[in-house]
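Please keep the viewer open while you read.

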Amino acid sequence: MSASIPRAARAQRGVVLFTLLALGCTITLLLPVAWMATMMVKPEAEMFARPTVWLFEPTLAHFEYVLEAGFLSSLATSLVVAGASTALVVLIGTPAAYAFARFEMWRRDDMFLFILATRMAPPVALVIPLYLIYAKVGLLDTHLGLILAYLTFNLSFYVWVLRSFCRDVPVELEEAALIEGYPRWQVLLKITLPMLRPGIVSSAVLSFIFAWNEFLYAFMLGGRTVKTLPVAIPTLITAQGVKWGEVAIVGISALLPVLLVVFTLQRYIVRGLTLGAVKG
Amino acid sequence: MASILNSESLARDARTTPSRRRTKGSHFGYLLIAPTMITLVVVGLVPFLYAIYISLHDVPYGRVGEFTGLSNYRALLWDGRFWHSVWVALVFVGIAVPIEFVLGMLGALVLNQKIKLRGVIVPMLFVPTMMAPIVVALLWKIMLAGSWGLISYNVLERLKIVSETSVFGSADLALYALILIDVWQWTPFMIIAFYAGLQALPLNPYRAAQVDGASPLQMFVRITLPLMMPLMAVMVLLRIIDAFKVFDTIFLLTGGGPGNATESPSMLGYKLVFEFWKLGEASAFAVIIWVLFFVFCNVFYQIAKNRLKAF
């Protein structure tokens, strides 16, 4: 009894120590983000002060500018482009992911490698020919052009990750239903799809986030009328200087919805981001 | 020696997934993959083939001119600028990825101890990873701006690393600042992934090792590392590929400068189109990069799938 008390105390000290270490590092890591958040309400003059001004009278001036500068239309563009491309990805990609997980097919591994390659290809290598093609067929600066371009990395990503989820759905259930005489497509709709829901939702969410955060395609293929948030933010860098308060507001508000979804789906998100290498 | 073999076979056991029976010879499968394959051929393969076509021609003012064979490739490969951009990417990847890997593993091990508040810490770690890279770039501009940047003024100037200028204006330091940003953004994700991997490890090998009186270090080297191998390999390869493609932060913070000190391949590709308007060379560039990545992907796939059974 007497020997076990010091050991328990030592273990307790270990818990406190490691907790403080982990918490301390995490908070330090997020200090830049917190600092950026304070700039949302920091008066312009005090942002550039030397020495650094830590305490200040908050102002709402930056919010007014953001509302006037047409960021709401960029927000709408971002939602349309990311939303439509994600919807397409789910529609086209879900059956493919299932088929890759279940069926023996001619050169399946090669086809799958092709999918991985489109996911991995550097955007700059794709965007150059796409730009030239778009210029010819009139897809530059259109919603459709961007939505199609996002299919390159998102469709391949979605199929790759969802396949790993599909492999977790027990084949036995489907086989039982087939023996009962249900047609294949009904088995797929009524049995497999409901069990795949977490996989579909989290892979779709990640596709949405990738499209939401994407800059290079949006910048090169979009432009004046189709301007997503990541492209609109750098326009706050003006000849007169950078509107930092506004940058902070748009940057932080673009991040918030993403975080909200990610927190609720944590486990599945990790699996998606590691391309299925971690099973949640 | 025997115990090493033993832990390896344990690792293999843990990795084999439950039996997967596949349905044979069905047209249903082809029907299901057809839309995806057609889409990817149209948005992926067609541009690639078009890039090959363009790269073999002279392209004055955006119009495809006469066939010039491999001269675009020659112009690109004989130009030191291309190789310099590859070098920049190699330095970037070679420094950033090992740091992210080691810090990620250490962080995951700390997180895997008995600690409190894990429910607060893990979600916070998602924040940098989920930020749009363009916002990350601006965030670090706020940190490292000349004269008023939070870190510039309060840390770098005190340490006499810069004086009222930005690190992004220094040919020696700019690349390291960009590496720091990459480390900041991706280390937390490495931590989360490795932590998830640690959590998924089977307990039995550890119990057996404890009975045999193994030390924590022995357990880490002989059980944890072999079992984590597939995940570690996938994460490192993924990061290498993604870090090689870095564009947003460079575009916004240095534009490839000063001079071309931070000009990564993506940055060079962008400039070939929009600054130099050399579309033929840009297409040749795209083809070379693409072939390079395809080879890399193939190796990645073979290793991850056949040797490590990671997917």
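1. A question to begin with: in which helix does B:Ser283 lie? The residue belongs to helix H13 (residues 279-307) of chain B. Helices here are DSSP runs of H or I with at least four residues, strands are runs of E with at least two, and both are numbered from the N terminus. B:Ser283 is buried, with a relative accessible area of 1%. For that label, buried means under 20% relative accessible area, exposed means over 50%, and partly exposed is in between, using a 1.4 Å probe and protein chains only. Leaving aside residues up to four places away in sequence, B:Ser283 touches A:Ile128 and A:Leu132 from chain A, and B:Ala51, B:Ile54 and B:Ser55 from chain B. Contact here means heavy atoms within 4.5 Å.

2. A word on what you are looking at. This is a predicted model, where local features need pLDDT of at least 70 and side-chain atom pairs count only at pLDDT 80 or more, while totals for chains, interfaces and linings use all residues. Residues are numbered from 1 along each chain as its sequence is written, chains are lettered from A and ligands numbered from 1 in the order in which they are written, and side-chain values use heavy atoms, with hydrogens and water left out.

3. On confidence, pLDDT is the predictor's confidence in each residue, from 0 to 100. Chain A averages 86, and 98% of its residues score at least 70. Where pLDDT is low, the predicted coordinates should not be read in detail.

4. Now the overall build of chain B. It has 13 helices and zero strands. The C-alpha trace spans about 75 × 70 × 35 Å along its principal axes. Of the 311 residues in chain B, 54% are buried. Among contacts in chain B between residues at least 6 apart in sequence, 66% join residues at least 24 apart.

5. The interface deserves a look of its own. Chain B brings 98 residues to the contact and chain A brings 103 residues. Between them the two chains bury about 9400 Å², 79% of it on carbon and sulfur atoms; buried area is the accessible area (1.4 Å probe) that two parts lose on being put together, summed over both. Helix H2 (residues 27-55) of chain B gives the most to the side of chain B that touches chain A, with 18 residues. By class, that side has 71 nonpolar, 15 polar and twelve charged residues.

6. In chain A, do have a look at A:Arg271 and A:Asp168, whose side chains meet in a salt bridge (3.0 Å, N to O). The pair links distant parts of the chain, 103 residues apart: A:Arg271 is in helix H12 (residues 244-273) of chain A, and A:Asp168 is in the loop between helix H7 (143-166) and helix H8 (171-179) of chain A. A:Arg271 is buried at 5% relative accessible area, whereas A:Asp168 is partly exposed at 44%. Another salt bridge joins A:Glu104 and A:Arg108 (3.9 Å, N to O). There, A:Glu104 is partly exposed at 34% and A:Arg108 counts as buried at 15%.

7. Back in chain B, B:Lys271 forms a salt bridge with B:Glu263, the closest N and O atoms being 2.9 Å apart. Salt bridges that share partners join B:Arg81, B:Glu263 and B:Lys271 into one network. B:Lys271 counts as buried at 6% relative accessibility, and B:Glu263 is buried at 0%.

8. B:Lys271 is also one of the buried residues of helix H12 of chain B. Nine of the ten residues of this helix (residues 265-274) are buried, so it is largely enclosed by the rest of the structure.

9. Lastly, B:Pro216 lies in helix H10 (residues 216-244) of chain B and is exposed, with a relative accessible area of 66%. B:Pro216 and B:Thr254 are 38 residues apart in sequence and 46 Å apart in space, C-alpha to C-alpha.

Note on methods
Ala, Val, Leu, Ile, Met, Phe, Trp, Tyr, Cys and Pro count as nonpolar, Asp, Glu, Lys and Arg as charged, and the others, Gly among them, as polar. A salt bridge is a side-chain nitrogen of Lys or Arg within 4 Å of a carboxyl oxygen of Asp or Glu.
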